[in-house]
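User: I am new to this structure and would like to know what stands behind the terms used for it. Please go through them with me one at a time.

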Amino acid sequence: MQLGMIGLGRMGANMAERLVRGGHQVTGYDPGEAAREQAAGRGIVAAASLQQLVDSLAAPRAVWLMVPAGRIVDETLARLLPLLAPGDTVIDGGNSFYKDSQRRAGELAAAGIAYVDCGTSGGVWGLSEGYSLMIGGGEAEVERLRPLFATLAPAPDSGWGRVGPSGAGHYSKMVHNGIEYGLMQAYAEGFAILQHKQEFALDLHQIAEIWRDGSVVRSWLLDLTSDALKKNPTLAGIAPYVEDSGEGRWTAAEAIELNVAAPVITLSLLERLRSRDDDSFTDKLLAAMRNEFGGHAIKRG
């Protein structure tokens with residue numbers, strides 16, 4: 001298929017390259033000239049403007065947004081929509097709030113343009129391992145885009161799927177990230193307990209490696225935690241400051257609205273907020289894990 005990718009940052013460029021490797025034709029646009037130049041070196045056709053990107057695609061067009069959630073999505077759509085035509089499809093693969101996605105789907109539908117919200121997980125490892133895709137939108141639109149999703153996913157028939165109507169994809173990704181917060185917090189707290197038991201002088205990387213094989217707590221996050229501890233056993237130079245993407249906040253708020261008890265997810269969010277005021281091995285390890293799975297920047301201490 002042909003695809004236009006808007007946003008050639010860490011996620012967008014990797015996704016575009018995976019599609020190119022899979023035989024698709026991808027034109028990419030980013031306001032940063034350096035990002036466009038780097039993309040061109042990875043087999044992606046770089047467009048100097050949104051107009052040029054749209055002109056490079058045959059109708060019905062498919063344009064994928066990988067830009068930060070919120071205002072930037074709306075601003076990008078405002079510039080993009082006049083260039084599109086009825087029958088085209090816009091996919092939002094970022095971490096947009098699901099209610100925003102529902103609103104945008106309605107606004108685009110009025111112009112005859114389909115809107116597909118695609119919650120995307122996989123971080124910096126997605127290029128080689130594939131992305132988990134939670135997709136919301138009309139059945140016909142999602143089916144038309146099947147070749148793209150099948151290429152981006154870990155396998156053509158697994159790791160992705162249409163989960164419901166508009167908004168359902170980003171809603172599923174929101175809860176996914178809330179769960180992620182809780183899992184990461186549990187690992188970080190457990191290893192902090194081990195680290196504080198000075199009389200045993202425990203090798204945290206060794207323990208992580210043992211847990212990775214046969215343990216009921218084995219997981220990809222544990223694999224990445226083990227990698228982080230191997231590289232930096234004491235987490236030296238990592239500030240105990242953990243950012244949040246916003247989706248944990250949305251998940252906690254949604255739990256309250258639905259009268260669903262979600263204490264682990266909520267407390268893990270609060271721990272991230274607390275990390276910005278205190279010194280903690282737990283929070284250093286959280287920061288290290290985020291760097292391992294998503295390439296997120298580490299604040300140096």
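User: What makes the sheet open, and in what order do the strands stand?

Analyst: The sheet has 8 strands in the order S3-S2-S1-S4-S5-S6-S7-S8, with mixed pairing. Strands here are DSSP runs of E with at least two residues, helices are runs of H or I with at least four, and both are numbered from the N terminus. Two strands pair if DSSP finds at least two bridges between them. Strand S3 (45–47) and strand S8 (160–164) each have a single partner strand, so one side of each is left without a neighbour in the sheet. Neighbouring strands are turned by 25 degrees against each other on average, direction ignored. This is a predicted model, in which local features need pLDDT of at least 70 and side-chain atom pairs count only at pLDDT 80 or more, while totals for chains, interfaces and linings use all residues. Residues are numbered from 1 along each chain as its sequence is written, and side-chain values use heavy atoms, with hydrogens and water left out.

User: How do you know that S1 and S4 pair?

Analyst: Strand S1 (residues 2–6) and strand S4 (residues 62–65) share 3 bridges in the parallel sense, and the cut-off is at least two. Ile6, for instance, has Leu65 in S4 as its bridge partner. Helix H1 (residues 10–21) lies across S1, strand S2 (25–29), S4 and strand S6 (114–121), at about 165 degrees to S1. Such angles run from 0 to 180 degrees between N-to-C directions, with axes fitted to C-alpha atoms, for helices over the stretch in contact. Helix H5 (residues 98–109) also packs on the sheet, touching strand S5 (89–92) and S6, and its direction makes about 150 degrees with that of S6.

User: Why is S6 called largely enclosed?

Analyst: Buried means under 20% relative accessible area, exposed over 50%, and partly exposed in between (1.4 Å probe, protein chains only). In S6, 8 of the 8 residues are buried, so the strand is largely enclosed by the rest of the structure. In a regular strand the side chains alternate between the two faces of the sheet. Ala114, Val116, Cys118 and Thr120 point one way from S6, and Tyr115, Asp117, Gly119 and Ser121 the other way. S6 also pairs with S5 in the parallel sense over 4 bridges, and Asp117 is the bridge partner of Asp92.

User: Is Thr151 buried or exposed, and which residues does Thr151 touch?

Analyst: Thr151, in helix H8 (residues 146–152), has 19% relative accessibility and therefore counts as buried. Leaving aside residues up to four places away in sequence, Thr151 touches Arg18, Leu19, Gly22 and His24; contact means heavy atoms within 4.5 Å.

User: What makes Ala201 and Asn259 count as exposed?

Analyst: Ala201 has 67% relative accessibility and so counts as exposed. Asn259 is exposed because its relative accessible area is 72%. Ala201 is in the loop between helix H9 (168–196) and helix H10 (204–211), and its phi is positive, about 45 degrees, although Ala201 is not a glycine. Asn259 lies in the loop between helix H12 (247–257) and H13, with a positive phi of about 60 degrees.

User: Why is Leu270 called partly exposed?

Analyst: Leu270 has 43% relative accessibility, so it counts as partly exposed. Leu270 lies in helix H13 (residues 263–274).

User: Which peptide bond is cis?

Analyst: The bond joining Ala59 and Pro60 is cis, with omega at about -5 degrees. Pro60 is in the loop between helix H3 (50–55) and S4.
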